[in-house]
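Q: I am new to this structure and would like to learn how to read some of its features. Could we take them in turn?

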Amino acid sequence: MAQKTRIAVTPGDGIGPEVVAEAVHCLETLRKRHDLPMEWTRFPWPSHAWHEENGESMPADALDQLKSYDAILLGALGDPGPVDDPDRYLLPDSISLAPLLDMRKGFDQWVCERPARLLPGARQYLADERAKDIDMLVIRENSEGEYVSQGGRLRKGAPDEVATQMEVFTRRATDRIIRYGFEQARLRAAARAEEGRTRHFRTLDGKTCESQVCIVTKRNALRYWGDMYTEAFEEMAKQYPDVATHHELVDAACMKFVQAPWAFDVVVASNLQGDILTDLAAVLSGGMGVAPSCNLNPDENGMPSMFEPTHGSAPDIAGQGLADPTAMLFTTARMLEWLGRKDPAVAAAGRELFDAVAADLAENAGKSRGTQEIGAAVRERLESLTRP
């Protein structure tokens with residue numbers, strides 16, 4: 001008998017509870033359809049509401065409670081809205097978003113993985129027809145770098161105040177994120193070959209490969225970690241002669257993401273630079289409303305990974321039933337595929353959910369629909385499938 005899969009559901013703020021509700025309804029449909037040994041628990045934290053009542057975004061033992069779950073499904077954190085309420089309870093981003101960093105670091109979710117593929121029906125922001133071929137995976141180092149929270153403020157508020165923010169990079173974390181990028185490049189190439197859509201990338205010495213990894217740094221200005229990333233990348237590349245490689249400075253990468261995003265396959269970047277690049281890639285592949293995000297710990301099965309849409313809490317439309325749950329549903333599909341490493345039936349459910357959401361997106365391109373309407377349409381597709 002398959003081991004029970006346990007999911008911690010944390011709806012969060014703003015539109016988070018609305019889009020998460022549709023994700024849970026889809027999980028219910030899939031659990032029944034596949035007879036999955038899967039259960040979930042809803043937590044009212046982290047959230048503004050919990051902070052308002054308790055003086056903290058989540059309990060002191062939050063990580064201990066979440067550790068017993070296989071995955072965390074997070075809605076959104078931040079200003080809860082509605083924006084027309086001048087008396088709503090507000091927190092600085094440094095407080096409201098702190099639980100994200102606490103969970104990423106506490107569970108060593110060292111990979112932030114964000115796919116960017118322009119699916120039929122998604123909005124194409126670039127006029128160039130080649131933009132239809134956007135299909136990249138941006139991998140962000142998620143455990144250290146610019147987001148280690150080392151530093152402080154001296155003489156706060158004074159005219160001569162000094163703020164320091166330290167960046168920390170280790171060779172261990174550098175090697176593991178680069179290796180992960182190369183492994184994903186190989187897996188993506190194999191999947192494309194099975195689907196009959198092989199891609200080709202040129203190497204510097206004129207060879208042609210079916211996959212590619214681009215490392216992003218700012219080594220011309222941030223030379224110490226930039227040089228370490230470059231050296232580690234060059235050493236690692238020797239183990240993957242079948243994968244094309246190149247290097248981009250982060251400002252040039254942003255420019256080329258807009259000029260020719262179809263030229264990228266797998267992109268590996270530091271915490272901050274990857275944060276920026278993933279948001280840009282999300283827009284190029286249809287916008288925040290369709291972009292999933294995963295915070296993964298590939299090494300330790302006993303640690304939960306966390307899944308969240310790329311978008312924020314959208315306080316301007318919170319509570320109005322207008323939020324598009326597509327990104328949340330794609331995120332849920334990726335969560336199921338990740339959990340499916342231990343149970344093939346869960347992986348199959350994830351693929352079904354992805355296909356149903358993609359089909360709904362293609363059929364309803366440009367239509368204005370409410371949160372529940374989209375969720376119901378996806379569930380109807382799932383229910384209409386032939387039982388496995």
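A: Start with the surroundings of a single residue. The model is predicted. Setting aside residues up to four places away in sequence, Ala-253 touches Val-216, Glu-248 and Leu-277.

Q: Where is Ala-253 found, and is Ala-253 buried or exposed?
A: Ala-253 belongs to helix α8, residues 250-259. Buried means under 20% relative accessible area. Ala-253 has a relative accessible area of 1%, so Ala-253 is buried.

Q: How many residues apart in sequence are Ala-253 and Cys-214, and what is their C-alpha to C-alpha separation in space?
A: Ala-253 and Cys-214 are 39 residues apart in sequence, and their C-alpha atoms are 9.4 Å apart in space.

Q: Is Arg-192 buried or exposed?
A: The reading goes as before. Arg-192 is in helix α6, residues 171-195. Its relative accessibility is 1%, so Arg-192 counts as buried.

Q: Which side chain does that of Arg-192 join in a polar contact, and which residues is Arg-192 in contact with?
A: The side chains of Arg-192 and Asp-265 are joined by a polar contact of 3.1 Å. Apart from neighbours within four places in sequence, Arg-192 is in contact with Asp-135, Arg-197, Thr-198, Arg-199, Phe-201, Glu-210, Ser-211 and Asp-265.

Q: Where is Asn-297 found, and is Asn-297 buried or exposed?
A: Asn-297 lies in the loop between β13 (292-296) and β14 (305-309). Asn-297 counts as buried because its relative accessibility is 1%.

Q: Which backbone oxygens does the side chain of Asn-297 reach?
A: One is the backbone oxygen of Phe-107, at 2.9 Å. Another is the backbone oxygen of Asp-108, at 3.2 Å. Beyond residues up to four places away in sequence, Asn-297 touches Phe-107, Asp-108, Gln-109, Trp-110, Met-303, Ser-305 and Trp-338.

Q: At what angle do helices α11 and α12 pack?
A: For a pair of helices, read the angle, the distance between axes and the residues in contact. Helix α11 (residues 344-363) and helix α12 (residues 371-384) pack at about 125°, and their axes are 9 Å apart. That angle makes α11 oblique to α12. The crossing of α11 past α12 is right-handed.

Q: Which residues make the contact between α11 and α12?
A: From α11 come Glu-352, Leu-353, Ala-356, Val-357, Ala-359, Asp-360 and Glu-363, and from α12 come Ile-374, Ala-377, Val-378, Arg-381 and Leu-382. The residues in this contact of α11 with α12 divide into eight nonpolar, no polar and four charged.

Q: Which residues does a cis peptide bond join?
A: Look at omega for the bond. A cis peptide bond joins Trp-45 and Pro-46, with omega about -5°. Pro-46 is in the loop between β2 (38-42) and α2 (48-54). Another cis peptide bond joins Gly-81 and Pro-82, with omega about -10°. Pro-82 is in the loop between β3 (71-76) and α4 (93-96).

Q: What is phi of Arg-155, and what is phi of Ala-314?
A: Phi of Arg-155 is near 55°, a positive value in a residue other than glycine. Arg-155 is placed in the loop between β6 (145-154) and β7 (162-168), and at 40% relative accessibility Arg-155 counts as partly exposed. Phi of Ala-314 is near 45°, also a positive value in a residue other than glycine. Ala-314 is in the loop between β14 and α10 (326-339), and its 22% relative accessibility makes Ala-314 partly exposed.

Technical notes:
Residues numbered from 1 in each chain as written. Predicted model: local features only at pLDDT ≥ 70, side-chain atom pairs only at ≥ 80, totals over all residues. Heavy atoms only, no water. Helix = DSSP H or I, 4+ residues; strand = E, 2+ residues; numbered from the N terminus. Buried < 20%, exposed > 50% of the residue type's maximum accessible area, 1.4 Å probe, protein only. Polar contact = N/O pair within 3.5 Å; in protein donor to acceptor, adjacent residues only side chain to side chain. Contact = heavy atoms within 4.5 Å. Axes fitted to C-alpha atoms, helices over the stretch in contact; angles between N-to-C directions. Parallel < 35°, antiparallel > 145°, perpendicular 65-115°, else oblique. Left-handed = near helix turned anticlockwise from the far one by under 90°. Nonpolar A, V, L, I, M, F, W, Y, C, P; charged D, E, K, R; others polar.
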